Amino acid sequence: MTVPDFRRANFNLCTENPFRLTPPAAQANPNVTSNGDNANAASATSEHSTQYKSTQQNKSTQQNYPDPSFSDIFSAFSEALTQRKAQGLAFLELTNSELMLIKKSFFVTVFACLAAFAVGTVCWLILNIAIGAILHSVGVSYVVVPLLLLVLNSVAAFCLFKLAQNAFNYLSFSRLIQTWRRVFG
């Protein structure tokens, strides 16, 4: 079975209607007239079938493969190489941006922890001294004052821990690994 070559197809206007193309039977067999002459059509059909068989035998010995030139192959190869290079550079830029996010998250986490520790220490000392003095002046017992200070300090430590934990969530290689899996997997 051969595939028709549509690049070599030609269409002739039909004499009955200039806006209609020739019917496929008349186009396949040039001896058939469009006025419906059945005797000519039968003889033309037998001639066409013998011509078709002989052309099919000739075509089976020679195939019409495209014959690209070396410059076409070289330009296609260089274009594919350029596209691969662009893909690689885009992947490297994506990897670099993920690494920069990890680096910034690391520094923000470390700075937030150090700042929280310094501020917490100073505030803790001042606040605890003030609260202890106020509670003592009100007349609260010495046993209750440290317990109240412990509860307040625990709440403050929990809030600072949540802040550090939120920043720490971005400090992982999981997003980078997921990106690599999407590209390579």
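Reader: At what angle do helix 3 and helix 4 pack, and how far apart are their axes?

Author: Keep in mind that this is a predicted model. Two packed helices are described by the angle between their axes and the distance between the axes. For helix 3 and helix 4, the axes lie 10 Å apart and the packing angle is about 165°.

Reader: So how do helix 3 and helix 4 run, roughly parallel or roughly antiparallel to each other?

Author: Start from the packing angle of about 165°. Angles over 145 degrees count as roughly antiparallel. Helix 3 and helix 4 are therefore, relative to each other, roughly antiparallel.

Reader: Is the crossing of helix 3 and helix 4 left-handed or right-handed, and which classes of residue make up the contact?

Author: Helix 3 passes helix 4 in a right-handed crossing. Helix 3 brings residues including Thr 109, Trp 124 and Leu 135, while helix 4 brings others, among them Val 145, Leu 152 and Phe 168. Sorted by class, this contact has 13 nonpolar, four polar and no charged residues.

Reader: What about helix 3 and helix 5, how do they run relative to each other?

Author: Helix 5 covers residues 174-184, and its axis comes within 10 Å of the axis of helix 3, crossing at roughly 165°. That makes the pair, helix 3 and helix 5, roughly antiparallel.

Reader: How many charged residues are in the contact of helix 3 with helix 5?

Author: Helix 3 passes helix 5 in a right-handed crossing. Helix 3 contributes Phe 91, Leu 94, Thr 95, Glu 98, Leu 99 and Leu 101, and helix 5 contributes Arg 175, Leu 176, Thr 179, Trp 180, Val 183 and Phe 184. By class that gives eight nonpolar, two polar and, for the charged ones, two.

Reader: Which helix gives the most to the lining of the second largest pocket?

Author: The second largest pocket holds about 270 Å³ of space. Helix 3 (70-138) and helix 4 (144-168) are the elements that give two or more residues to its lining. With seven residues, the one that gives the most is helix 3.

Reader: And how many residues of the lining of the second largest pocket are charged?

Author: Among the lining residues of the second largest pocket are Phe 117, Thr 121, Trp 124, Asn 153 and Leu 160. The lining divides into nine nonpolar residues and three polar ones, and the number of charged residues is none.

How values were computed: Residues numbered from 1 in each chain as written. Predicted model: local features only at pLDDT ≥ 70, side-chain atom pairs only at ≥ 80, totals over all residues. Heavy atoms only, no water. 1 Å grid on protein atoms, 1.4 Å probe; cavity = no way out; pocket = protein on both sides within 12 Å on 5 of 7 lines; lining within 4 Å. Points joined across faces, edges and corners; volume = space filled by probe spheres on them. Helix = DSSP H or I, 4+ residues; strand = E, 2+ residues; numbered from the N terminus. Nonpolar A, V, L, I, M, F, W, Y, C, P; charged D, E, K, R; others polar. Axes fitted to C-alpha atoms, helices over the stretch in contact; angles between N-to-C directions. Parallel < 35°, antiparallel > 145°, perpendicular 65-115°, else oblique. Left-handed = near helix turned anticlockwise from the far one by under 90°. Contact = heavy atoms within 4.5 Å.
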